[in-house]
Amino acid sequence: MNKSKIILASIGGVTLVASLVLAYLIWDALSEKGEKTSDLEGAVSTAERLVRLPVYPGPEGIKAYKENAETYEAWRESAIKLASAGDMAFEPTTPPAFKAFLVDDARRLSSLPGAVDGRLVKEDFPFGFKDYITGGVLPAQADLARLQREWFDVSTVIEALAKCGVGEIVDVVMKAPVSVQDEEASSKKGKKGKKPAKAAKEEKPDDSPAVTCFTVDFRTRPAGLVNAVNEFITSSRFIVVDDFTFVREKDDIADALGGDAKKQQEAQPRGRRGRRGRQAEEEEAAKPAAEAGQGVVTDPAIASFLRVSMTFSVYDFRSLEGGHSDAEAADNNSEEAK
């Protein structure tokens, strides 16, 4: 190969490399331009969507958002303060001392006035704590804090019902509270999301409210039922009536109108009636309705008892939790200082 061919080959190689580099630069520039064009279109679409929102994303909108956030925080703080006004903190105790307290307090509740020989409940009524009050079971140390709260909630409801004029407490059944995660899981039936539910349980905050759930069956007159509902609405303790049903033990209106007597009379076979019998029936049928039944048919104050079943959820928001431990630590410090 002569010198001229070598020069031409070198120039060709340099030209090829320069062409490849130039082609790469052009391709890179076009790709970057396409990405920037896509980003620009996305930004424009987002801006158009934000502009169409009820609150314009400008300085005034940001200011209004901050004001609303401050208003919400103030409302949330006042709502929590109001809801937790009835929170309780209980002194540490021992299983034998708590069992003795349960028996004594159950005796006190049993002496409240009612319609069972002048008392609210029958003899040896367990108030939902049969194992500990009438049985020989000693509560476990780990359950004392929960049992103290549950007994306080049950006794609060029982005292409120006695105050409202309830005639008799028939039964008290303790129930396990339904957690928020269980409610969400039940509302999302049919959806795939077991892993997120597990993650939600792991992220459950420690300061979630403590809930006592129980059902009380009682007998009362209509006025007592109305008074009870009003009492629970105004109670400082956060009491929720989840559900309630009631039925009349007997039909006062039918009894006042002689419904049972008429049914028995109609059920009796009719014999041959004379002229005088037919005339008496015609006179009775001709009496006006006002003469047939006069006066008050039924009076709510003396009406027959209603059989009521109420399910309660009593919430404690743990606002006083740790108060006793802090006080004990302060006492210990003061004793050490002395």
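**Figure 1. Thr215 stands opposite Thr311 in strand E5.** This is a predicted model, in which local features need pLDDT of at least 70, side-chain atom pairs count only at pLDDT 80 or more, and totals for chains, interfaces and linings use all residues. Residues are numbered from 1 along each chain as its sequence is written, and side-chain values use heavy atoms, with hydrogens and water left out. Strand E3 (residues 210-220) runs antiparallel to E5, and 11 bridges join them. Two strands pair if DSSP finds at least two bridges between them. Strand E4 (residues 238-248) also pairs with E5 in the antiparallel sense, over 10 bridges. Here Phe238 stands opposite Tyr315 in E5. Is E5 largely enclosed or open? Eight of its 11 residues are buried, so E5 is largely enclosed by the rest of the structure. Buried means under 20% relative accessible area, exposed means over 50%, and partly exposed lies in between (1.4 Å probe, protein chains only).

Figure 2. Of the 338 residues in the protein chain, 22% are buried. The chain exposes about 24,500 Å², and carbon and sulfur atoms supply 56% of that area. Accessible areas come from the Shrake-Rupley method with a 1.4 Å probe; for residues, only the protein chains shown count as cover. Among contacts in the chain with a separation of 6 or more, 86% are between residues 24 or more positions apart. A contact means heavy atoms within 4.5 Å.

**Figure 3. Phe125, Phe127, Phe129 and Trp151 form one aromatic cluster.** A pair of aromatic rings is described by the distance of the centres and the angle of the planes. Rings of Phe, Tyr and Trp (its six-membered ring) pair if their centres lie within 6.5 Å; planes under 30 degrees apart count as stacked, over 60 as edge-to-face and the rest as tilted. The structure holds 13 aromatic pairs. In one of them, the ring centres of Phe129 and Trp151 are 5.2 Å apart and the planes stand at 85°, so the pair is edge-to-face. This pair links distant parts of the chain, 22 residues apart. Phe129 is in the loop between strand E1 (113-116) and helix H4 (130-133), while Trp151 is in helix H5 (residues 144-163). Both Phe129 and Trp151 are buried.

**Figure 4. Arg219 and Arg221 both lie over the ring of Phe305.** The charged end of Arg219 is 4.5 Å from the ring centre. Arg221 lies over the face of Phe305, also at 4.5 Å from the ring centre. A charge sits over a ring if NZ of Lys or CZ of Arg is within 6 Å of the ring centre and within 35 degrees of the ring normal.

**Figure 5. A salt bridge joins Arg108 to Glu159.** Side chains of opposite charge can pair when their charged atoms come close. A salt bridge is a side-chain nitrogen of Lys or Arg within 4 Å of a carboxyl oxygen of Asp or Glu. The structure holds 11 salt bridges. In the bridge between Arg108 and Glu159, the closest N and O atoms are 2.7 Å apart. Arg108 lies in helix H3 (residues 95-110) and Glu159 in helix H5, so the pair ties together parts that are 51 residues apart in sequence. Arg108 is partly exposed at 35% relative accessibility. Glu159 is also partly exposed, at 32%.

**Figure 6. Lys163 forms a salt bridge with Glu231.** Their closest N and O atoms are 3.7 Å apart. The pair links distant parts of the chain: Lys163 is in helix H5 and Glu231 in helix H8 (residues 222-233), 68 residues apart. Lys163 is exposed, with a relative accessible area of 63%. Glu231 is partly exposed, at 22%. Elsewhere, salt bridges that share partners join Asp105, Arg108 and Glu159 into one network.

**Figure 7. Asp124 has a positive phi of about 60° although it is not a glycine.** Most residues other than glycine have a negative phi, and most peptide bonds are trans. Asp124 is found in the loop between E1 and H4. With a relative accessible area of 61%, Asp124 is exposed. Arg318 also has a positive phi, near 60°. Its place is the loop between strand E5 (306-316) and helix H13 (323-337). Arg318 counts as partly exposed, at 30% relative accessibility.

Key:
Helices (H or I, at least four residues) and strands (E, at least two) are DSSP runs, numbered from the N terminus.
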